[in-house]
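Subject: Handover of a structure

Hello,

Here is the structure you are taking over. My notes follow below it.

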Amino acid sequence: MYIVNPTNNTVVQFGPGPGSKISFERNGSKSLPQSELKAMAEEYLLKHVADFGSVKANFSFRQMSKPGSVSYAFRWEAKSKPQGEDVTPFVQIVLSPVGEVMSFNDVRSLYSN
Amino acid sequence: MKKTLSRVAPFLMAVVMLGSFAGVASAQTYIHANGGSYWSQSGSGWNSISNDGYCVSGRGPCGSSLWYLQWNYNTSGCGADANSTYTMASVVGYNGDTYAWIDSSTGNMYGADYLVTYNYASSYASTVDQSAYYEAWATIALDKYRTSNVQHSDGWGAAYACNGVSGLQVEFDEVKLEI
């Protein structure tokens, strides 16, 4: 399912929608090295997020994984949170252990106007 | 997402007015905390993680008593051992969207079971892949008229009904209703 910001036609999020049944590889024992997964994540974001270079240079990076290493998240977060907001603007991609794209977020456009 | 009004409502539930995103003149967002007054739970096997989830120190409209999330190992096969219900704080005659906050420390259940009650007595059985979301809202249901509650269990959702896989962690954290 895709969530699009209609004010600028950018994708805010995509990922498995409600009721979906997507056969991602979730066996953590089959995981590629995390360095390789990170490189795949950055390659994807460079291709699909126009200013990812700026994001990478200015946002804080975090890497996370779920129990069992069923997936890995690569997240770049703004260093400050706009006043009154709960969630810090972020760009994130979630990959399966073998590098399939499971979900994507770029919520930055939701914070302007 | 820019807020035009934000306040903490009674009973540990937040009401936030949103701006003109998505071309809507205004919308209302209600965040229902696990453990709050609009939440009930039953069954066994509950685990909790402190200061984790949507409501944590420095984030969310909830008081410190709600700075935690809960999780439960999934029930394999049919049925469920643990259930929760989020009663919507505002039930009105408009279409609404519901979302679950999925964190990073738990929630690897790829067939999480949700049931949305709407339009008085209609129900929508939803399945959410919690493994694909990290510190983000995952959609439970869209465009449901007069949503009145969201139930969430540790069983398998309709898309994977009666799956025999066990040992997965089902996350129970905040549920958001946008009208």
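In which sense do strand S7 (residues 82-87) and strand S12 (residues 149-156) of chain B pair, and over how many bridges? The two strands pair in the antiparallel sense, over five bridges. Within this pair, Ser84(B) has His152(B) in S12(B) as its bridge partner. Strands here are DSSP runs (E, at least two residues), numbered from the N terminus, and two of them pair if DSSP finds at least two bridges between them.

Some conventions. This is a predicted model, in which local features need pLDDT of at least 70 and side-chain atom pairs count only at pLDDT 80 or more, while totals for chains, interfaces and linings use all residues. Residues are numbered from 1 along each chain as its sequence is written, and chains are lettered from A and ligands numbered from 1 in the order in which they are written.

Confidence. The model scores ipTM 0.97 and pTM 0.91. The pLDDT (the predictor's confidence in each residue, from 0 to 100) averages 87 for chain B, and 85% of the residues score at least 70. Over residues 1-26 of chain B, however, the pLDDT is below 50, although this stretch has 53 contacts in the model beyond near neighbours in sequence. A contact requires that the C-beta atoms of two residues, placed from the backbone, lie within 7 Å. Where pLDDT is low, the predicted coordinates should not be read in detail.

The sheet. S7 and S12 belong to an open sheet of five strands in chain B, in the order S4-S7-S12-S9-S10, with antiparallel pairing. Strand S4 (39-43) and S10 of chain B are the edge strands, each pairing on one side only.

Strand S8. Six of the eight residues of strand S8 (residues 95-102) of chain B are buried, so the strand is largely enclosed by the rest of the structure. Buried means that 20 or more other C-beta atoms, placed from the backbone, lie within 10 Å of the residue's own. S8(B) runs antiparallel to S11(B), and seven bridges join them; Thr98(B) stands opposite Ala141(B) in S11(B). S8(B) also pairs in the antiparallel sense with strand S14 (residues 175-178) of chain B, over four bridges, and here Tyr99(B) stands opposite Lys176(B).

The interface. Chain A and chain B put 29 residues each into their contact. On the side of chain B that touches chain A, strands S1 (3-9), S10 (122-128) and S11 (136-145) each supply at least two residues. S11(B) gives the most, with four residues.

Regards

Note on methods:
A residue is buried if 20 or more other C-beta atoms lie within 10 Å of its own, exposed if 12 or fewer, and partly exposed in between; C-beta atoms are placed from the backbone.
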